[in-house]
Amino acid sequence: MPVESDFNVTTVAVSPDGWLIILVNEEGECVLCNTRSKSVIHRYNFARKVNAVKFSPDGRKFAVCKEDKVLLFHAPGRTREFNPFVLQRTFYGSYDETVCLDWTSDSSCLVAGSKDMSSRVHATDFYKNLTCYVLGGHSESLVGCFFEKDSLNVIYSKLFLSDLAKIQKKSDF
């Protein structure tokens with residue numbers, strides 16, 4: 001793929017259908033490419049270092065870890081759009097840099113790990129009893145955090161937490 005950058009590419013995310021790829025370099029300059037036509041669709045500058053980028057499993061959204069925030073964007077579709085990077089939501093709350101993230105299988109929640117020795121589960125949809133769920137008590141900063149498949153159990157630092165299984169969607173009440 002003919003993509004050039006002045007700095008090293010540090011983060012890569014591929015959409016679930018394989019059509020789109022997001023490349024982010026050391027300085028936060030982002031390139032959105034179409035893998036089928038091998039062309040650059042859009043360039044975006046986050047203006048700071050980006051630690052992680054990941055598409056949701058359904059391909060409709062993608063999340064970006066930047067500084068102490070998690071930015072949630074609508075993923076560009078196969079139709080032409082004026083601005084492919086439409087910011088949907090920004091999640092705050094970490095006291096230090098966010099370094100990792102993962103999505104649930106149904107794309108309804110995401111977990112973001114931070115250097116402040118905690119992780120936060122954020123709801124991307126509206127829930128009755130969840131906006132942000134903080135999971136703390138680690139002895140060191142997190143390197144990775146993951147959801148189990150078809151579950152809300154979070155795996156990180158060799159711990160399993162099943163408290164999130166009691167969450168109810170707003171439409172259920």
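Biologist: In which strand is the place of Leu20?
Modeller: This is a predicted model, and what follows is computed from its atoms. Of the chain's zero helices and 15 strands, the one that holds Leu20 is strand S2.

Biologist: Is Leu20 buried or exposed?
Modeller: The cut-off for burial is a relative accessible area under 20%. Leu20 has a relative accessible area of 10%, so this residue counts as buried.

Biologist: Which residues are in contact with Leu20, leaving aside its neighbours within four places in sequence?
Modeller: The C-alpha atom of Leu20 is separated by 4.8 Å from that of Asn34, although the two residues are 14 apart along the chain. With neighbours within four places in sequence left aside, the residues in contact with Leu20 are Ala13, Val14, Ser15, Leu32, Cys33, Thr35, Ile41, Phe55 and Pro76.

Biologist: Ser15 touches Leu20; where does Ser15 lie, and is it buried or exposed?
Modeller: Ser15 lies in the loop that runs between strand S1 (9-14) and strand S2 (20-25). Beyond four places in sequence, Ser15 touches Leu20 and Phe55. Its relative accessible area is 7%, and because burial means under 20%, Ser15 is buried.

Biologist: Which residue has a side chain joined to that of Ser15 by a polar contact?
Modeller: The side chain of Ser15 has a polar atom that lies 3.3 Å from the backbone nitrogen of Trp19, but that pair involves a backbone atom. The polar contact between side chains spans 2.7 Å, and the partner of Ser15 in it is Asp17.

Biologist: What phi does Ser107 have?
Modeller: Ser107 is in the loop between strand S9 (98-103) and strand S10 (109-114), and with a relative accessible area of 3% this serine is buried. Ser107 is not a glycine, yet its phi is positive, at about 65°.

Biologist: Which backbone nitrogen lies 3.2 Å from a polar atom of the side chain of Ser107?
Modeller: Not counting residues up to four places away in sequence, Ser107 touches Ser56, Pro57, Asp58, Lys61 and Thr124. Among these, the residue whose backbone nitrogen lies 3.2 Å from a polar atom of the serine side chain is Asp58.

Biologist: Is Met117 buried, partly exposed or exposed?
Modeller: Met117 is found in the loop between S10 and strand S11 (119-123), and it has a positive phi of about 65° although it is not a glycine. Its relative accessible area of 35% falls between the limits of 20% and 50%, so Met117 is partly exposed.

Biologist: Which residues are the closest to the centre of the second largest pocket?
Modeller: About 170 Å³ of space lies in the second largest pocket. Of the 13 residues that line this pocket, the closest to its centre are Ser5, Asn25, Glu29, Val31 and Arg43.

Biologist: How do the residues of that pocket's lining divide into nonpolar, polar and charged?
Modeller: At least two residues of the lining come from each of S2, strand S3 (29-34) and strand S4 (39-45). By residue type, the lining of the second largest pocket divides into three charged, three polar and seven nonpolar.

Biologist: Which backbone nitrogen does the side chain of Asn83 reach?
Modeller: Asn83 is found in the loop between strand S7 (69-74) and strand S8 (86-91), where it is partly exposed with a relative accessible area of 32%. The C-alpha atoms of Asn83 and His42 are separated by 8.2 Å, while the residues are 41 apart along the chain. At 3.1 Å, the backbone nitrogen reached by the side chain of Asn83 is that of Phe85.

Biologist: What share of the residues in the chain is buried?
Modeller: The chain exposes about 9800 Å², of which carbon and sulfur atoms supply 49%. Of the 173 residues in the chain, the buried ones make up 44%.

How values were computed:
Residues are numbered from 1 along each chain as its sequence is written. This is a predicted model: local features need pLDDT of at least 70, side-chain atom pairs count only at pLDDT 80 or more; totals for chains, interfaces and linings use all residues. Side-chain values use heavy atoms; hydrogens and water are left out. Helices (H or I, at least four residues) and strands (E, at least two) are DSSP runs, numbered from the N terminus. Buried means under 20% relative accessible area, exposed over 50%, partly exposed in between (1.4 Å probe, protein chains only). A polar contact is a pair of N or O atoms within 3.5 Å; within protein, one must be able to donate a hydrogen and the other to accept it, and residues adjacent in sequence count only if both atoms are side-chain atoms. Contact means heavy atoms within 4.5 Å. Accessible areas come from the Shrake-Rupley method with a 1.4 Å probe; for residues, only the protein chains shown count as cover. On a 1 Å grid over the protein atoms alone, a cavity is a set of points where a 1.4 Å probe fits but cannot get out, and a pocket is an open set with protein on both sides within 12 Å along at least five of seven lines; lining residues have an atom within 4 Å of a point. Grid points are joined across faces, edges and corners, and a volume is the space filled by probe spheres set on the points. Ala, Val, Leu, Ile, Met, Phe, Trp, Tyr, Cys and Pro count as nonpolar, Asp, Glu, Lys and Arg as charged, and the others, Gly among them, as polar.
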